[in-house]
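Subject: Structure handover

Hello,

Here is the structure I promised to pass on. Please open it first, then read the notes below.

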Amino acid sequence: MDGRGNRVVDHPLRDVSFSEPLDPDIGSLNATVTGMERNAQRLGRALVVVVDDRVAQSEQEDTTGPLVTELLEEAGFIVDGNVAVAGEAVEIRNALNTAVIGGVDMVITVGGTGVSPRDVTPDATSGVLDRPVPGIAEALRASGLAAGAVDAGVSRGLVGVSGSTLVVNLAGSRAAIRDGMATLTPLVTHVIEQLSGIDEI
């Protein structure tokens, strides 16, 4: 009896532990949360390559590399570094090959995607790719143009796979970078999972 004269009965399940949740919806929720946590872990490592003559020669401060790095980290990537190279095909190709050999999951180049004589990033990238992924490149151009980032809309940038690394060319303006990363992030998760074989588990 309690203090008010009511009968108190110990609940028979009070000390019982369950190996599975009573409510099946709770199990689904736990699975969803676990899946989200795994997705965040799957994004992996990234490297940023800034293609800019003046930045490479320390004549100008790099403002685009840190922006890409920040957006990558917000998306769940670990950024291995931010490398600046001149607009020379050999330098760009060497930076990409170093990233691929280093085993990063994604390498993003910034700049050099236009039509001027020094815009050779796509040309250098094409020699590194094993398989192009044109759908993502087209999505980046379409979303960039819609967002008013003209350099993104007319970009010759490529997206493709080299080994097990996804290679992405972004145009160099801050608007193109912000829009490009917003478009890119949900797409690369799927690609990286395929490359790592996680979606087959």
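Start at Thr64. Leaving aside neighbours within four places in sequence, Thr64 is in contact with Val50, Val110, Gly172 and Ile177. Thr64 lies in helix H3. Is Thr64 buried or exposed? Its relative accessible area is 13%, under the 20% cut-off, so Thr64 counts as buried. Bear in mind throughout that this is a predicted model.

**Overall layout**

The protein has eight helices and six strands. From the N terminus on, the order is α-β-α-α-β-α-β-α-β-α-α-β-β-α. Of its 201 residues, 39% count as buried. Take the contacts between residues at least 6 apart in sequence: 75% of them join residues at least 24 apart. The accessible surface is about 11200 Å², and carbon and sulfur atoms account for 53% of that.

**The cores**

Nonpolar side chains in soluble globular proteins tend to be buried together. Here, the largest nonpolar core has 27 residues. Leu72, Met106, Ile108, Val168 and Leu184 have the most contacts inside it. The elements giving two or more residues to this core are strand E1 (45–51), H3, strand E3 (106–110), helix H6 (134–146), E5, E6 and helix H8 (174–196). H8 gives the largest share, six residues. Apart from this core lies another, of 15 residues, including Ile92, Ala95, Leu96 and Val167.

Val168 is worth a click. What does Val168 touch, leaving aside its neighbours within four places in sequence? Its contacts are Met106, Val107, Ile108, Thr109, Leu140, Leu158, Val159 and Leu184.

**Helix H4**

H4 covers residues 89–101. Which residues of H4 are buried? They are Ile92, Ala95, Leu96, Ala99 and Val100. These cover an arc of only 135° around the axis, so they sit on the same side of H4. The general rule is that an α-helix has 3.6 residues a turn, so residues three or four places apart point the same way. On the other side of H4, Val90, Thr98 and Ile101 are exposed. The cover over the buried residues of H4 includes E1, strand E2 (78–85), E3, helix H5 (121–126), E5 and E6. Gly103 follows H4 and has a positive phi, near 80°.

E5 spans residues 159–162, and both of its faces are covered. Val159 and Val161 are buried on one side. Gly160 and Ser162 are buried on the other. In a regular strand, side chains alternate between the two faces of the sheet.

E5 is joined to strand E4 (residues 131–132) by two bridges, and the two strands run antiparallel. Gly160 in E5 is the bridge partner of Pro132. Four bridges join E5 to strand E6 (residues 165–170), again antiparallel. There, Val161 has Leu166 in E6 as its bridge partner. The hairpin of E5 and E6 has two residues between the strands, and Gly163 in this hairpin takes a positive phi near 65°.

Last, look at Ser58. It lies in the loop between helix H2 (53–56) and helix H3 (64–75). Is Ser58 buried or exposed? Its relative accessibility is 67%, over the 50% cut-off, so Ser58 counts as exposed.

Best wishes

Definitions and conventions:
Residues numbered from 1 in each chain as written. Predicted model: local features only at pLDDT ≥ 70, side-chain atom pairs only at ≥ 80, totals over all residues. Heavy atoms only, no water. Buried < 20%, exposed > 50% of the residue type's maximum accessible area, 1.4 Å probe, protein only. Pairing = 2+ DSSP bridges. Contact = heavy atoms within 4.5 Å. Areas by Shrake-Rupley, 256 points an atom, 1.4 Å probe, with all protein chains shown as cover. Core = buried A, V, L, I, M, F, W, Y, C linked by side-chain atoms within 4.5 Å. Expected span 1.5 Å × (residues − 1). Arc of directions from axis to C-beta.
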